[in-house]
Amino acid sequence: IIIGVGAVIAMMELGHGTKTNLQKSIASMGANTLMVLPGTAASGGVSFGLGSVMTLTPEDCDAIIAECPAVRAASPLVRARGPQVVYGSQNWVPQQVVGVTPQFLVIRDWTEMDRGQAFTDRDVRNSSKVCLIGQTIAKQLFQGEDPVGKDLRIGSVTFQVMGVLKAKGANMMGSDQDDILVAPWTTIKYRVASQASTSSGKSTSNGSAVNTLNNIYPNSGLELYPELSNTQQADSPMPVRFTNVDQILCAATSAETVQTAIKQITQTLNRRHRIREGQPDDFQIRDMSEFIKMMSATTGMMSGLLLGVAVISLIVGGVGIMNIMLVSVTERTREIGLRMAVGARGRDILLQFLIEAILLCLAGGAAGIVFGRVGSVLCRMLLRLPTEISPSAIVASVVVSAVVGVAFGFYPAWKASRLDPIEALRYE
């Protein structure tokens, strides 16, 4: 029993540590990540595709963080399509140039930097021209130099590199996760993506670009609608439109709470967008269901493996207990006969041997827990294997030890209680 329970405790703690590390690795790939995407516009029965209508705002992201307990972190995300990044004589076109908040690093499990430090919420508010780069960009542009503190250009805008992200390698689709440039979303949107007019509503051209009647008298040199002066523009400002973002990236508290997070996000956005019951949503939520299935299958396989090892170990220990008790019955046959001769009944003998078997198993279980914990600690210290204490395994070991004592001690106890007193007294 000591060997069996000790092996179970050590295996369970090693298994829990490995399972936790595996869950973290899969979570870093995006198992608990949710993407909230803008809706689809349609006209005359023709759909214009996902994102053809701008419905998501940074305020939606703030509401999700405040009102959705199942969401651990959320960040608005703005993409810049295909800008060239230049440093000195080197240039590179990253796979991804994204504008986000610092919560993006929490969602993608990038909180630990390889070099430098991350930008802050203050940089987002101030539209600071700072950025973080992945390992691929650092190798292609800086070629061995330390990028931290250096300036690079994204299009025509100069950014200062604040840090280098830790290497992640390729994702499950084969895409390079390190070929990425991350900056405050306000900077990417207003300075790089050239979408400032979306939020400010300020006109960037006069009416001559639209209304051909401006040149109704082409030779007169007189415009029908003269350009407004700065004072006139200040006196009659254009209405301010909302600031839209390309998507909102969220992380559920765990893979198990993904569906709960989806329901909470849907309720929050429906309320903010004034979508009534029965009306179609003006947004879409996508989850990483394949990652979740893979994680469930993997953790289920780990649990099954550990359960199999535990059952085998305890069955072996139980068989040992039964053998010892059978030997004990044989050796104490005269004692049993003597007790029955002076008035002990069969159930008294049965109870005596059952209690002995249970006490043996409980004592072995207690010692096994100690040996198992010591073995787990040694594995962590000497072999550098991940371990994690499992209180449930310790409690289960005690309970199972008692059950094994009853199950495997019953037959020897029953056999002892069925002995004939006369034959038992004559036994040598």
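Is H273 buried or exposed? H273 counts as buried, at 18% relative accessibility, because the cut-off for buried is under 20%. The model described here is predicted. Its protein chain has 14 helices and 14 strands, and buried residues account for 41% of the 428 residues. Of the contacts in the protein chain between residues at least 6 apart in sequence, 76% join residues at least 24 apart.

**Helix α2 and its contact with α9**

- Helix α2 spans residues 58–67 and helix α9 spans residues 258–272; their axes come within 10 Å and cross at roughly 135 degrees.
- That angle makes α2 oblique to α9, since angles over 145 degrees would be needed for roughly antiparallel.
- The crossing of these two helices, α2 and α9, is right-handed.
- On the α2 side the contact involves E59, D60, A63, I64 and E67, and on the α9 side I265, T268, L269, R271 and R272.
- By class, the residues in the contact of α2 with α9 are four nonpolar, one polar and five charged.
- P58, D60, C61, A63 and I64 are the buried residues of α2.
- Besides α9, the buried residues of α2 pack against β4 (71–79), α6 (185–192) and β13 (247–252).
- D60, A63 and I64 are named both among the buried residues of α2 and among the α2 residues that meet α9.

**The loop between α9 and β14**

- H273 lies in the loop between α9 and β14, the latter covering residues 283–287.
- Leaving aside neighbours within four places in sequence, H273 is in contact with T55, L56, D60, D282 and F283.
- One of these partners, D60, is also a buried residue of α2 and takes part in the contact of α2 with α9.
- R274 is placed in the loop between α9 and β14 as well.
- R274 is exposed, with a relative accessible area of 71%, whereas H273 is buried at 18%.
- Although R274 is not a glycine, its phi is positive, at about 55 degrees.
- Most residues other than glycine have a negative phi.

- Helix α11 (residues 333–341) and α12 have axes that come within 10 Å and cross at roughly 140 degrees.
- The pair α11 and α12 is therefore oblique.
- The crossing of α11 and α12 is right-handed.
- E335, I336, R339 and M340 of α11 make the contact with I349, Q352 and F353 of α12.
- Four nonpolar, one polar and two charged residues form the contact of α11 with α12.
- Helix α12 (residues 346–382) also meets α13: the two axes come within 7 Å and cross at roughly 150 degrees.
- Because angles over 145 degrees count as roughly antiparallel, α12 and α13 are roughly antiparallel to each other.
- The crossing of α12 and α13 is right-handed.
- The contact of α12 with α13 comprises 18 nonpolar residues, six polar and one charged.
- R384 is found in the loop between α12 and α13.
- Phi of R384 is positive, near 60 degrees, in a residue other than glycine.
- R384 is exposed, with a relative accessible area of 71%.

- L419 sits in the loop between α13 (391–417) and α14 (421–426).
- At a relative accessible area of 23%, L419 is partly exposed.
- G337 and L419 are 82 residues apart in sequence, yet their C-alpha atoms are 7.4 Å apart in space.
- With neighbours within four places in sequence left aside, L419 is in contact with T333, I336 and M340.
- I336 and M340, both partners of L419, are also α11 residues in the contact with α12.

**Aromatic pairs**

- The structure holds three aromatic pairs.
- W185 is buried, with a relative accessible area of 9%, whereas Y190 is partly exposed at 29% relative accessibility.

Methods: Residues numbered from 1 in each chain as written. Predicted model: local features only at pLDDT ≥ 70, side-chain atom pairs only at ≥ 80, totals over all residues. Heavy atoms only, no water. Axes fitted to C-alpha atoms, helices over the stretch in contact; angles between N-to-C directions. Helix = DSSP H or I, 4+ residues; strand = E, 2+ residues; numbered from the N terminus. Parallel < 35°, antiparallel > 145°, perpendicular 65-115°, else oblique. Left-handed = near helix turned anticlockwise from the far one by under 90°. Contact = heavy atoms within 4.5 Å. Nonpolar A, V, L, I, M, F, W, Y, C, P; charged D, E, K, R; others polar. Phe/Tyr/Trp six-rings, centres within 6.5 Å; stacked < 30°, edge-to-face > 60°. Buried < 20%, exposed > 50% of the residue type's maximum accessible area, 1.4 Å probe, protein only.
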